[in-house]
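Me: Please take a close look at the side-chain links in this model, the disulfides and then the aromatic rings. I would like one connected account, with the cut-offs stated.

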Amino acid sequence: LPLLLEATLLRLASGSHHPFYNGFYYNHIMNDKGNGHDKVVYFNGAKLVVETPKDPVYSSNGANVTLPCHYHYEPDMEAKRKIRIKWSKLRDDYTKEQDVLVAIGKTYLAFGDFRGRAHLHQANRREASLVVSDVRLQDDGKYRCEVIDGLEDESNVVDLRLKGVVFPYQPPRGQYRLNFHEAERVCQEQGAILATFYQLFQAWSEGLDWCNAGWLADGTVHYPIRLPRKPCGGLHLAPGIRSYGLRDRHQHRFDAFCFSSALKGEVFYLDHPAGMTLEEAKQSCQDVGAEIARVGQLYSAWKFLGLDRCDAGWLADGSVRYPIAKPRANCGPAEPGVRSFGFPSKGRFGVYCYKER
């Protein structure tokens, strides 16, 4: 982009201190001809309407997705100026919106993590749809489509939801050892992110039952209970999501609920007649052009690819687990799930490896 145009788009995104801030800035006085005579812009009486889907748009990690957005006027009319479009991502904790993309006519500029991944789809008249390629876990959430015609400014919201799996996580040193920031980090280390409340609720509705409280992405602490019992809030409470509310992100310590989505590669099992130590397991994966799998990758393979193996194997965090899609004798409980042996300091096992396609 020419430097002047790029600077203009950046200014439109930041807004800051101007009197008509809506993510863009427009003077109520415009000088069309540059002849020193100010021209006052009045509303034309037509209503600008922005339409987005009421239902969520679903996608998965690594996919491409289009967030539909269209606009029209009531009564119908033709726009007399270049339309401005702004896409923003709304944050779960209601802090400042994240700029995604701004556009003037056919020229656009994407920001931050969306640079190089976001562009407008304007195949149809009065379309302002957003295309996001190589979808990432962090892209899950609500997006605002804002359309500006002069002083007319209307917007609507699209809900992008990633198909995924929520899993509880605690580190090798035991239960309730993570503050919020440490919980964020351990989820990332396992190929995941902290889950949102909606994601935890969805997992609970699909059968997740876990008695240990864990951090969520908005700094709240919860745990999902399907079968009420005395150690988990008491027998008198109905099934549901138990809440500790907002906690101090530095001082309070809990476990974490992590969220992972579909894989770009595959998880597979390697074994050795005598088993392997953790270091030998890591080397075995490298020898076949792969890496030792992370916990989030094993959960994703179990959830989306139906990985079913009754053999315990090492994972990258030093834990030993195995995935069961079809419960059977001698393979743990009667429900599907990822079984855990914890973090053994000794022992020889197989290994679960991950390889990109």
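Reply: With the bonded cysteines counted along the chain, the disulfides follow the pattern 1-2, 3-6, 4-5, 7-10, 8-9. The count comes to five disulfides, a disulfide being a pair of cysteine sulfur atoms within 2.5 Å. The model is predicted, so to speak of local features a pLDDT of at least 70 is needed and side-chain atom pairs count only at pLDDT 80 or more, while totals for chains, interfaces and linings use all residues. Residues are numbered from 1 along each chain as its sequence is written, and side-chain values use heavy atoms, with hydrogens and water left out.

Among the disulfides is the link of Cys 69 to Cys 145, with the sulfur atoms 2.0 Å apart. The angle about its S-S bond is -80°, and the link of Cys 69 and Cys 145 is left-handed. Helices (H or I, at least four residues) and strands (E, at least two) are DSSP runs numbered from the N terminus. Cys 69 and Cys 145 are both buried, where buried means under 20% relative accessible area, exposed means over 50%, and partly exposed is in between (1.4 Å probe, protein chains only).

Another disulfide joins Cys 211 to Cys 232, S to S 1.9 Å. The link of Cys 211 and Cys 232 is also left-handed, with -120° about the S-S bond. This pair links distant parts of the chain, 21 residues apart: Cys 211 is in the loop between α3 (197-205) and β16, and Cys 232 is in the loop between β17 (220-225) and β18 (240-246). Cys 211 counts as partly exposed at 24% relative accessibility, whereas Cys 232 is buried at 2%.

Cys 285 and Cys 353 also form a disulfide, and their sulfur atoms are 2.0 Å apart. The torsion about the S-S bond of Cys 285 and Cys 353 is about -80°, so this disulfide is left-handed. Cys 285 lies in helix α4 (residues 278-287) and Cys 353 in strand β25 (residues 350-356), so the link ties together parts 68 residues apart in sequence. Cys 285 is buried, with a relative accessible area of 0%, and Cys 353 counts as buried at 0%.

Now the rings. A pair of aromatic rings is described by the distance of the centres and the angle of the planes. Rings of Phe, Tyr and Trp (its six-membered ring) pair if their centres lie within 6.5 Å; planes under 30 degrees apart count as stacked, over 60 as edge-to-face and the rest as tilted. The count comes to 14 aromatic pairs. Phe 180 and Trp 215 have ring centres 5.6 Å apart and planes at 75°, so the pair is edge-to-face. This pair, too, links distant parts of the chain, with Phe 180 in helix α2 (residues 180-189) and Trp 215 in strand β16 (residues 214-215), 35 residues apart. Phe 180 is buried at a relative accessible area of 2%, and Trp 215 is buried at 0%. Ring pairs link Phe 180 and Trp 215 with Tyr 176, Tyr 223, Tyr 244 and Phe 254 into a cluster.

Phe 180 also has a charge over its ring: the charged end of Arg 249 sits there, 4.3 Å from the ring centre. A charge sits over a ring if NZ of Lys or CZ of Arg is within 6 Å of the ring centre and within 35 degrees of the ring normal. The charged end of Arg 226 sits over the ring of Trp 204, 5.4 Å from its centre.
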